[in-house]
Amino acid sequence: MNICIIGDGLTSLSLAKNLTNKKINVHFYHKNKIKNLSSSRTIGISKNNLEFFRKKIYKIPKKNFWEIKKIEIYSEKLEKEKLLKFENNNENLFYMLKNDDLYESLISEISKNKFFRKKLINKNSFYQNLLNKNKYDLIINCDSNNFLSRKFFTKKIDKDYDNLAYTTIVKHNKIENNIATQIFTKNGPIAFLPISNNETSIVCSLDTKNKKYNDSEVLDLISKNNPKYEIQKILKLSSFKLNSSNLRNYHHENILAFGDLLHRIHPLAGQGFNMTIRDIKVLSRIIQNKIDLGMQLDSSILNEFEKETKNKNFLFSNSIDFIYEAFNFDKKIKNKSFKNFLRIIGKNKNLSGYFIKLADGGLNF
């Protein structure tokens, strides 16, 4: 059994690790000799997904993730009144990790595996040779900007938010730091996401349609909306453009699109990588069923994967977009009806419990 994975990010590495754990030969093709990671990027992983990740992909050391026990949502429009609070009997809701820590751990761990081969893409003819030789049972493409993506995976439902996400990490005085805070401002949502007792990740998703922000203005917004931290140092800001997309066709013959190539969403709910982990979970189960039955790995796996995930991913992506648009519309109007609706959700334990389960398990809970 031979599978080719193309890409050099967390998605491709996580999938490769899961497959090599099944003793499948994985040839891992990437463009760059050294992955250029931003030290200010972090990810949130839900409780359900972290359990799967540690059991079926890589047992992330406890020192590498930080527990979040509560989420609080505020509105600048209502003078930073708390609109929503999500908690579950002091249980952890999700976990924060640094991107570069997880990436380096995965690289170090998977490089020891005899079923893993890492290869550099260094020829323009690589993709054509890949298609002609029929060397692999499956090809999984995690790169949204290569020859395969441009040839077979161009039909998408795209949306440009006219937003830039600015990320940084602040170092501050030591405090009890297990509450994630999101503040919806007139400029866009700002999230404060703890990663230790003296470090917090910040993600500002700012509307840039009518205004461009320089670093000083972004830092001023962070300072203005700082909920509680006595900041000692702020790391360099990074930024990236925000858009959403949903791929119409998940595969072509024995080639599967995966990760951000399948779906990309607004980061306000922290669900992007969680959707990918759920996809890995489904694909892993389908492949394992084939192995258990002694069957060949072939394109039927990709048909089954698309059938099981495509509609759910589309619905989930659109639910995130709906949340963004609801808050975006609310900041443009003067009445407080939407905020009153949110207060009702916050006071209803059944409704808030439903949203906690949705964020934890997606549409499969």
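**Exercise 1.** Find how much space lies in the largest cavity, and state which residues and elements line this cavity.

*Solution.* About 120 Å³ of space lies in the largest cavity, where a cavity is a set of points, on a 1 Å grid over the protein atoms alone, at which a 1.4 Å probe fits but cannot get out, and a volume is the space filled by probe spheres set on the points. The model is predicted, so local features need pLDDT of at least 70 and side-chain atom pairs count only at pLDDT 80 or more, while totals for chains, interfaces and linings use all residues. Residues are numbered from 1 along each chain as its sequence is written, and side-chain values use heavy atoms, with hydrogens and water left out.

Next, take the lining residues, which have an atom within 4 Å of a point: among them are M275, R278, E308 and F316. The elements that give two or more residues to this lining are α7 (272–292) and α8 (300–330), and the largest share, five residues, comes from α8.

**Exercise 2.** Describe the second largest cavity by its volume and its lining.

*Solution.* The second largest cavity has a volume of about 30 Å³, and the residues that line it are I60, N64, L97, K98, D101, L102 and S105. Turning to the elements, β7 (94–98) and α3 (99–110) each supply at least two residues of this lining, with the largest share, three residues, coming from α3.

**Exercise 3.** Decide whether helix α1 is mostly covered or mostly uncovered.

*Solution.* Helix α1 spans residues 10–21, and 11 of its 12 residues are buried, that is, under 20% relative accessible area (1.4 Å probe, protein chains only). Helix α1 is therefore mostly covered.

Conventions. Helices (H or I, at least four residues) and strands (E, at least two) are DSSP runs, numbered from the N terminus. The expected span of a helix is 1.5 Å times one less than its number of residues. Buried means under 20% relative accessible area, exposed over 50%, partly exposed in between (1.4 Å probe, protein chains only). On a 1 Å grid over the protein atoms alone, a cavity is a set of points where a 1.4 Å probe fits but cannot get out, and a pocket is an open set with protein on both sides within 12 Å along at least five of seven lines; lining residues have an atom within 4 Å of a point.
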